[in-house]
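Me: I'm new to reading protein structures. Could you walk me through this one, a step at a time?

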Amino acid sequence: RFRNWNAASGFTSTVVRAIREDAKGALWIGTNGDGLFRMQDGQFTRFTRKDGLPSDLIFSLAFAKDSALWVGTNGGGLARRADGQFRVYNKDDGLDGDIIWSLLQDDSGSLWLGTYGAGLFRREGERVRGLTTHTGLSSDFVRALWQDHEGSLWIGTNTGGLARLRDGKFTTYTTREGLPNDIAKTVLADPDGGLWVGTSGGGLARLKDGAFQTWSSREGLPHDFVQALLHGRT
């Protein structure tokens, strides 16, 4: 059965961009212009620019190991929520991009940020380092991020296909290597060593042992635009 949460139940947005669950079981929901919501025990609390958010349009969310919430926004840069307060990070902190499409905290505790047009950033403590097409990244428009069990960072881009960052070097996979489409909107590693890629128009692909296997509407996939992936328990 489906249950719908809408304005009558306290959730005033109709477009959800990102969802994450915190350690206490509360859901944090980023919306398309209505700010950030926390849903706990069926009750919604809303946070907007009036509460310190740099923008009410939220693209990405990630929890740090210290339980702080990182918020990637459209036009407002990056925000961190801890102890009930928002702290904003922008160009003054070394972050050139103000549109944050994707966020990931890796196993070492570093925060990775995928931006719209400014490339990829890594934040270690207070140090921020940018990686762009000038340093080997296949595109400066970074849609998705994932770290596999070997420690490699996989990067889905908007025009440059899929990239892998390992030991400081990039490896790129595009339609020339068998990726069905060069817009990689979501990436996910599986326990068997494969990497799944959802594309914008090319369907679903799995990279294993250097080769791609693809599924599209021709194989029964209901749509060739795949925007989200999750690995099940069965």
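This is a predicted model: local features need pLDDT of at least 70, side-chain atom pairs count only at pLDDT 80 or more; totals for chains, interfaces and linings use all residues.

Me: How many cavities of 30 Å³ or more does the structure hold?

Reply: Residues are numbered from 1 along each chain as its sequence is written, and side-chain values use heavy atoms, leaving out hydrogens and water. A cavity is a set of points, on a 1 Å grid over the protein atoms alone, where a 1.4 Å probe fits but cannot get out. At 30 Å³ or more, the number of cavities is one.

Me: Which residues line the largest cavity?

Reply: Lining residues have an atom within 4 Å of a cavity point. The space in the largest cavity is about 40 Å³, a volume being the space filled by probe spheres set on the points. The lining is made up of Leu78, Tyr89, Asp93, Leu95, Leu113, Arg123 and Val128.

Me: Is strand E19 largely enclosed or open, and why?

Reply: Strands are DSSP runs of at least two E residues, numbered from the N terminus. Buried means under 20% relative accessible area (1.4 Å probe, protein chains only). In E19, residues 204–208, four of the five residues are buried, so the strand is largely enclosed by the rest of the structure.

Note on methods. On a 1 Å grid over the protein atoms alone, a cavity is a set of points where a 1.4 Å probe fits but cannot get out, and a pocket is an open set with protein on both sides within 12 Å along at least five of seven lines; lining residues have an atom within 4 Å of a point. Buried means under 20% relative accessible area, exposed over 50%, partly exposed in between (1.4 Å probe, protein chains only).
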